[in-house]
Amino acid sequence: MKYSIFSLAKAALSGHKGWTRAWRDPAPKSRYDVVIIGGGGHGLATAYFLAHEYGIRNVAVLEKGWIGSGNAGRNTTIIRSNYGLPGNTGFYELSMKLWERMEQDLNYNTMVSQRGIINLYHSDAQRDAFARRGNTMRINGIDAELLDAEQIRKELPFLNYNNARFPIMGGLLQRRAGTARHDAVVWGYARAASEGGVDIIQNCEVTGFVRDANGRVTGVETSRGRIGAGKVGMAVAGSSSRVAAMAGMKLPIESHVLQAFVSEAIKPLIPGVITFGAGHFYVSQSDKGGLVFGGDLDGYNSYAQRGNMPVMEDVCEGGMAIMPMIGRVRMLRQWGGIMDMSMDGTPIIDKTPVDGLYLNAGWCYGGFKATPASGLVFAHLLARDEPRPEAALFRLDRFRRGAMIDEKGQGAQPNLH
Amino acid sequence: MAEFSWNTQSPLGRALVPGHHGVTGTQVGVTLEEVRDISLVQVMTRRGRAAETAKAAKKVFGIQPPASPSAAVGRHATLIWSGPDQFIAFSARSAEDQFAKLSEAFAGVASLSDQSDGRCLIRIGGPRVRQALAKFCSLDLDDRAFPPGAAATTSIDHTAMNIWRGADSPDGHTTFNMLVFTSFADSLWHTILDSALEYGVQASLAHAA
Amino acid sequence: MRIACPFCGERENGEFTYLGDASPKRPNFAVDGGESPERAEDAFYDYVYLRDNLAGVMREYWYHGGGCRSWLVAERNTVTHEFISVTAAPGAGAALAARAGE
Amino acid sequence: MSGYSQSEPLARTAPMEANVRASVTPASQSHRLRSDGMIDRQSPLHFSFDGKAMTGFAGDTLASALIANGVKLVGRSFKYHRPRGIVTAGSEEPSALVEMRTGARREPNTRATTQELYDGLIANSQNRWPSLRRDFMSVNQLFAPIFVAGFYYKTFMWPAKFWESIYEPMIRRAAGLGKSAELPDPDHYDKAWAHCDVLVVGGGPAGLSAALAAGRAGSRVILVEEDTLLGGRLLSDGGEIDGLDAREWLRRASRELASLPNVRVMTRTALFGVYDGGTYAALERVSDNVPVPDRHQVRQRLWRIVAKRSVVTAGAIERPVVFPGNDRPGVMMASAVRTYVNRFAALPGRRVAVFTNNDDGWRTVEAIHRAGAEIAAVVDPRGEAPSQYGRLVDTYDLRVLAGVVSDVKGGVDGVRGIAVTDKNGRTQRIDTDCLAVSGGWNPNVGLSCFHRGKPVWREDIAAFVPGEAPRGMTMAGAANGDFSLGACLRDGHAAGAKAASECGAAGNPGEASTSEDEAYAIAPLWHVKGKGKAFVDFQHDVTASDVTLAQREGFESVEHLKRYTTLGMATDQGKTSNINGLAIMAEASGRTIPETGTTIYRPPYAPVAIGAFAGHHRDENFHATRLTPSHHWAARQGAVFVDTGLWKRAQWYPRAGEKDWLESVTREVKAVRNGVGFCDVSTLGKVDVRGADAGVFLDRVYINAFSSLAVGKARYGLMLREDGIVMDDGTTSRLAEDHYFLTTTTAKAGPVMQHLEFCRQVLFPELDVQLTSATDQWAQFSIAGPNTRKLLQALVDPSEDLTNEDFPFMGVREVKLRGGVTARLFRISFSGEMAFEISVPARYGAAMAENLMIAGKPYGVTPYGTEALGVMRIEKGHVAGPELNGTTTADDLGLGKMMSKKKDFIGRVMAGREALTAPNRQVVVGIKPLDRARRLRSGAHVIPKGAVPGPQTDQGYVTSVCFSPMLDQWIGLGLVERGRERIGEIVRIHDPLRSEDYEAEICSPVFYDPEGVRQRG
């Protein structure tokens, strides 16, 4: 059923009894052309593009819990394409362009809200690094502006300009950046993929791979039985190493917990996304009114989906350092997501050494903003067996070759990316 | 030819204002004191030389170096555990070059580093000392967990600090000694002072003896 | 989170820095007597980049930088965050130690 | 103001004690009982709500005072802006949220039920316009048929550009509740640590018993209670313990706890988080009960409590029943009605109806009667009074109705009446002004679930009880599903005693107190179907039909239900709504409640002010500050300081008449190049490296050799990460056979020290080497310029010879200074000039600066800052932070030749990988704009001349720039593809961010004195 104000009004007359499932709930078939492991944003977007862009409709998405139960529903909903290195720049801009047409593509309001992101800088060195990045963006046709302290004061008058430990000197602004409603992205892709013929199978955990004599993957063992597959794509950020291990692979990835926080709902206070350059704090405000904020990783390997106090304190200290008027606003909820931290802070979208098995992993904190592009390029790889140009550098062997894409320059130390 | 005077300066030269701070009135819940003119020598045992180091320490200080986190008072010096097989020899600064003297005594068996200017010694005491400390020190400083003579290497404002419990003051109050990095001292003094203001603070200066 | 430093006792995790998996061992730069750089690169690639990334008990390096400055090897469950054991790195203190892992 | 007349009801209240006190009851307190209650009638307090002046008493909460003043309407709901009143008497309150205080202290969404009343309290209702009674936004109710769960996902999509401009701003304005302050919070916060054996959470009968047992046994106990008083439900429901009146027992228990030195009782302290390793987080409300905190006092204090064991006795929360109109002001939880009457002597209604499906609700009957009010009816689907309450029926001639409440009539002034429908569908109307509802009790399982423990369903009480709790935690009393007073006392005592003995306490825990085990029976009732909105989540306006709609659309997982309908996501975290919601979902999807499951419980248990998490660390105290030994001296010279990491460094020393920083910096550079100047470089990381194997050790951490360095010599060293990328650089000197003095960059001092310790302790434990940071021990100054030697000769003892012969370039040794101080002298140069670095113990730092000024006076010595330092290093082509950016190799920096081929060192192998040795890498070069007047800027990109800017033509960027006084133009260093092969090539400098585009020449990075004659001079 098409969603619109008219269908809503019509449904209202019948007390909304007419609405049907947003996505079908089929029993798994014995075989699919493509099986996607992972019913998060990336897996569902991949299935959506396979069906609608590449005409491959005999597709299943297997989710061990409920769709969107992983990082898709645990992030701070920021979308942006303000990256500085070849490989990232083009890819994230492709994603931004897909965000900009998502509601119309999916006939689902994912609340893509381009209210802008400002990365504050507090030193000349930081300004220069932002200038380099901003110029890279402009050279790649992406919007970017370098603001000085006065311009920042105009945009964000409520920040701390009086007694800050690290005074605000300016910021890098991308106006087209913003936020989107994370759960809606999952549901929107699920609904559109389902309408395109994709089977979305929840509560179906993959427990192993089926391999033929040549070692090629020909299916998966699941908690709901064996499912045959022409090709299998992994989109299980947070659990990549665990699933890869079932195929005997070791990845350049560590799982780390990243905490996020939301405050009680308050009337509009913050226009867009703000990141603090001298501490670990970034914040935006949801349409419901909650301040959604976060900071750095806890720093240790974890699969626990919860963090500890030092980071909570560190994040709030950062918040109070730049916006001390939120002192009396209360933190409502705290949660943790498991980041697929790659060794250079950049994702991996590639074939694997195992025939028939394809990898989409290593998203670090970039996962949510990448959702549409990740789906498109992974679908392309699965359909064509060759990378789309935008993802050509996200290769698995880049570490062996020394072709890392290291935005932060931290090297093989995942918890520093 | 110009004359040069080499006045020494304390890192708390600005921050420390002797007298009463905090709650109005004369109430003193916490005493804060910078101890100046100190000599600190970091002694780190060389590989496999624990026995010789202990022997040398016995010879110089008349006591074994602490094997566990504690501070022991020896001849002319207090030996403060500062990590596995290492300690800080703390004494009052004197005319003779303590560092040279100790370097000789430990030659070949331990590596020494003069830290007399690398750290600043702050002594904190008073009836409310533990409440104040609880705000910037994560250790359990209860009598049972941290008796007189106990020592620890820990953090304050995310920077390292050596803390050890001294003898109780004449008026029966607990005292703790804190060694903090010189460059941080000014900043940390304010952190410590702020945490004690609600109890009333008496700040003063002392010289190591 | 609380970490029991074998030298200092139990401390809050703010005093520690995490490095990562303690299982990979640094190869010799001349694994093959320097014959083929390829093989040395393979060995180091494995050491520097590839991780088991266990969901469960793993051995890992922690640095007690906010305390006694010792490097520690902990066994910790990455699912429950529970520490099973914490021991000192071979070269902590003045102990005469063989090369790590040997 | 409620429409009740004053005289009539008060006449009903039989005064139980002398009326002198009553006389102080100000007239506005129309619903204040004449006596009883745990309020201090001697201390009247004045406050205002929505600008209306009212009074209450010490001991009141804002909610109890509002009730005493006859106020029913206190807020508007989130979506439909329906009128809402006070529902509970605790921190689970979903509806009575107010905006506290004003101006910089304005505080949104405060629960009136937990806010202590104080004199001068100012509270306002929120989320309404123009007024609470006439809220324009309540037109939303007209759209209610469309505003169903998730409606916004289905619309607002066309036209696309309207979202940011029209739809979203509208939604955002409507959403949110209170308004945050827009000024910095003027209050202070701090954080503290506490340690104990046994932490008891909750000061009700179970908690008190646990604390007493553990305390008597001799263990270190901390008892935290969020309320201002100990006692929990005892304060509201009384009872008899050990033959004493509950309040008397409470007094004695509190006294005993206070007498135990090993027990610490913390009231006004709410435990909100359970973290790893027995770390618990609690918030203490230190000054929320006064208008402004005392000077030197904090508003709130965040506690991290480290406990070996914890006993959680957090009680239970009474749950509502979902029926049409259940959100009307005046519909209240039955237990809350008892709390207001018994504890606060405030009467929620004159004619109270009770709607209960369980025995406990019946307690309310007696409370209401004792208060002299009337019971309109008791509605119990079970049909008759439970045996233990049978007597009430006759005593009070109760009207007991078998059925359910199927509708509530009323408006902004609250409940006027209810409709009661029996099982045959017959409906009758009852006039009432307050409906006390009890749907049963939900144990407070939250804390037990913070580590993902799943709660377990217990059929007999129709509620979830704790499952596997975090390590070291036990639950007791109502929190564990044992509701009777007797059981609470027993379980609490047992849990406390067990926890204490597990912590090694050997003392005698004493006997448990005893009380009756009153029966508790319940007939589950979740949802009364009928016309009109029946609310599940009051604050988020989630109705029963929203839940069934979600089910219809496939959002059956409880997490999907929550996210799709926003059930349980309001400030109360669904404390009163989650279980009802999933019960309705279970029914709709034909599953049992345990099958349907619960959502994940997440901290904080109750919302916590962000300021409390920051504590002292805000504004300028955000991070500690490091000062150099000459800081105060430099300040006296008028230096401008710059933050480098935590350090404050002198950036330049402006002089009168200089129009900008550039003029000052240029002057400083010229002064050095033509005469002599000095700069405090104490911030460089300094490490004492000692031990028999110190040399070998350094050979492994640096790419070049150090074991071969002669004693008395310094050498520039470069360190790689194991991945072959440059980590840090610096000069390291050999002071003795077994003693090296290593320096790092200011920025990397910490990480390098950690790395060196890793190498020492983990990678190369067989080496005899010891490391100590000496950064703070030494005050170090760079003295540079042609007159450096002259200056120094004036400063050092005449016996010291500083000639090239005796003190060659890269030489190091100790020297005596005039006045008897010994210093270390290093003949090294960052500026490219004839230069020394001199270091003395930090206590002489200020004196050294002064003496350098004296000694250099004849030569016009000039102190210079980090900017001039930077200019000179760029003129000399020395790489620094902007070039050592974590992605460059030694060869990229032009230092590839330093890499030893003879030895292993960190990073050697990985540095050889194909992509890191590719010929087209970006390498360091010099860059000079063709137009000498043109200002070069860092971050500008390098494009081939004549090429169109684009990903394919982007060949590098400018890393560092300065105005070179020597070349009299802007110059810079850059990382440029194949740069070294392109010296002399004209390229395009593309800087769209700053709308600049011009041509420049690629040149050697060494702009000045390429042969290095001057530094050897």
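**Chains and Contacts in a Predicted Model**

Modeller: No contact joins chain A and chain B; their closest C-alpha atoms lie 11 Å apart. This is a predicted model, in which local features need pLDDT of at least 70 and side-chain atom pairs count only at pLDDT 80 or more, while totals for chains, interfaces and linings use all residues. Residues are numbered from 1 along each chain as its sequence is written, chains are lettered from A and ligands numbered from 1 in the order in which they are written, and side-chain values use heavy atoms, with hydrogens and water left out.

Biologist: What makes two residues a contact, and which chains have the most contacts?

Modeller: A contact requires heavy atoms within 4.5 Å. Five pairs of chains touch, and the most contacts are between chains A and D. Chains D and B also touch, with 56 residues from chain D and 46 residues from chain B taking part.

Biologist: What is meant by buried area, and how much is there between chain D and chain B?

Modeller: Buried area is the accessible area (1.4 Å probe) that two parts lose on being put together, summed over both. Between chain D and chain B this is about 4,600 Å², with carbon and sulfur atoms giving 52%. His296(D), Gln777(D) and Arg843(D) supply 15% of the area that chain D buries against chain B, more than any other three residues.

Biologist: Why are Arg220(D) and Asp140(B) called a salt bridge?

Modeller: The term needs a side-chain nitrogen of Lys or Arg within 4 Å of a carboxyl oxygen of Asp or Glu. The closest N and O atoms of Arg220(D) and Asp140(B) are 2.7 Å apart, so the pair meets the rule. Five salt bridges are found across the interface of chain D and chain B.

Biologist: Which elements of chain D touch chain B, and how many residue pairs are in polar contact?

Modeller: There are 31 residue pairs in polar contact between chain D and chain B, both residues being at pLDDT 80 or more. A polar contact is a pair of N or O atoms within 3.5 Å; within protein, one must be able to donate a hydrogen and the other to accept it, and residues adjacent in sequence count only if both atoms are side-chain atoms. The elements that give two or more residues to this side of chain D include β8 (189–201), α22 (788–795) and α23. The most comes from α23(D), with six residues. Helices (H or I, at least four residues) and strands (E, at least two) are DSSP runs, numbered from the N terminus.

Biologist: Why is Asn851(D) called buried?

Modeller: Buried means under 20% relative accessible area, exposed over 50%, and partly exposed in between (1.4 Å probe, protein chains only). Asn851(D) has a relative accessible area of 2% and is therefore buried. Asn851(D) is found in helix α23 (residues 845–856) of chain D. Leaving aside residues up to four places away in sequence, Asn851(D) touches Phe4(B), Ser5(B), Trp6(B) and Leu795(D).

Biologist: How do you know that Asp190(D) and Lys135(B) form a salt bridge, and are they buried or exposed?

Modeller: Their side chains meet at 3.1 Å, N to O. The pair crosses between chains, from strand β8 of chain D to the loop between α3 (129–133) and β9 of chain B. Asp190(D) and Lys135(B) are both buried.

Biologist: What makes Asp46(C) and Lys250(A) a link between two chains?

Modeller: The closest N and O atoms of Asp46(C) and Lys250(A) are 3.8 Å apart, and the pair forms a salt bridge. Asp46(C) lies in helix α1 (residues 37–49) of chain C and Lys250(A) in the loop between α8 (240–246) and β12 (253–265) of chain A, so two chains are joined. Asp46(C), at 35% relative accessible area, is partly exposed, and Lys250(A), at 36%, is also partly exposed.

Biologist: Why are Arg165(B) and Asp168(B) given separate labels of accessibility?

Modeller: Arg165(B) has 4% relative accessibility and is therefore buried, whereas Asp168(B), at 39%, is partly exposed. The two residues form a salt bridge, with the closest N and O atoms 3.5 Å apart.

Biologist: How many domains does chain B have, and where are they?

Modeller: The assignment gives domain 1 (19–36 + 118–207) and domain 2 (38–114) of chain B; such bounds come from an automatic or database domain assignment. Their C-alpha centres lie 25 Å apart. Even so, eleven residues from domain 1 of chain B and eleven residues from domain 2 of chain B take part in the contact. The area buried between these domains is about 940 Å², of which carbon and sulfur atoms give 71%. The count of salt bridges between them is zero.
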